[in-house]
Amino acid sequence: MTLTRATKSRLRDGVAYAVLIAVVVVLFMTADRAAISAQFLDWDTWKALWPDIVLVAAKNTVKYTVIAFAGGIALALVLALMRLSPLRLYRWLATGYIEFFRGLPALVVIIFMALGVPLAFGWTAPGGTIGAGLIALIMVSGAYMAETLRAGIQAVPKGQREAAQSLGMNGFWTMVTVTLPQAVRIVIPPLTNEFILLVKDTSLLTFVGMQYDQVELTSFGTNSLSTYANASPLLAVALVYLVISIPASQLVAFLERRQQRTAR
């Protein structure tokens, strides 16, 4: 008996599901559930984390992300306009900055700004090491978002700019009132992805040291891990990260679908 292509596909899917279910059952049966519960689901530890995990750690994570994102957007806009400038020097400077900071790990830039610069030049950023770490995140995220903004600006049809200029607008007002608003709508999904990445990149600030009221989620989790000698804080922090990032990811998907419908 010859099986049709659809039947073969259903059989392959059925085998794949069966194997997955078997693996889950084996893992569940062989796992040390008592140890897992004691280490990750200790109720007393979870209660001790509340409400600081939300009112201090999560609040600081969101605050640091918003600051880094806003600063990065402002820097990215300047860099994108320089990249599109008719002046070759501006294009070279912007290209050099973007390639340099996209080639460096964010952690290296954070440590350099928080520790290296004060040692070398005796200059301390406003806000101390946290301020220096945020400046580093702005510098790195600005380099990435600059390319996104540049692509968005170039994606706006030239006819839009030509029409504005034919109405008597100069280049500056054409960019501000015609090109940039359309470019921003185009790049909202990738910029939202950058926001999600910054949420996680704020965890790198744990390496610069901070006071208790300055801790973000990762610092809060590692400090609590040492305090309670229990892995429950790490699971709690992971869940809070998911509560922040999953809705943002869904927003990205919604914006992309909306953009696709508008483009049709």
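Setting aside neighbours within four places in sequence, Ile110 is in contact (heavy atoms within 4.5 Å) with Gly133, Ala136, Leu137, Leu204, Leu205 and Val208. This is a predicted model, where local features need pLDDT of at least 70, side-chain atom pairs count only at pLDDT 80 or more, and totals for chains, interfaces and linings use all residues. Residues are numbered from 1 along each chain as its sequence is written, and side-chain values use heavy atoms, with hydrogens and water left out.

**Nonpolar cores**
- The largest nonpolar core has 34 residues, and Ile110, Met113 and Leu137 touch the most other members.
- Helices H4 (52-83), H5 (88-102), H6 (106-121), H7 (128-155) and H9 (171-201) each supply at least two residues of this core.
- H7 gives the largest share, 12 residues.
- Another core, of 13 residues, lies apart from it and includes Leu49, Val237, Val240 and Tyr241.
- A nonpolar core is a set of buried Ala, Val, Leu, Ile, Met, Phe, Trp, Tyr and Cys residues joined through side-chain atoms within 4.5 Å.

**Fold**
- The chain has 11 helices and 0 strands.
- Helices (H or I, at least four residues) and strands (E, at least two) are DSSP runs, numbered from the N terminus.
- Among contacts with a separation of 6 or more, 74% join residues 24 or more positions apart.

**Burial and surface**
- Of the chain's 264 residues, 33% count as buried, meaning under 20% relative accessible area (1.4 Å probe, protein chains only).
- The chain exposes about 15,900 Å², by the Shrake-Rupley method with a 1.4 Å probe.
- Carbon and sulfur atoms supply 68% of that area.

Methods:
Buried < 20%, exposed > 50% of the residue type's maximum accessible area, 1.4 Å probe, protein only.
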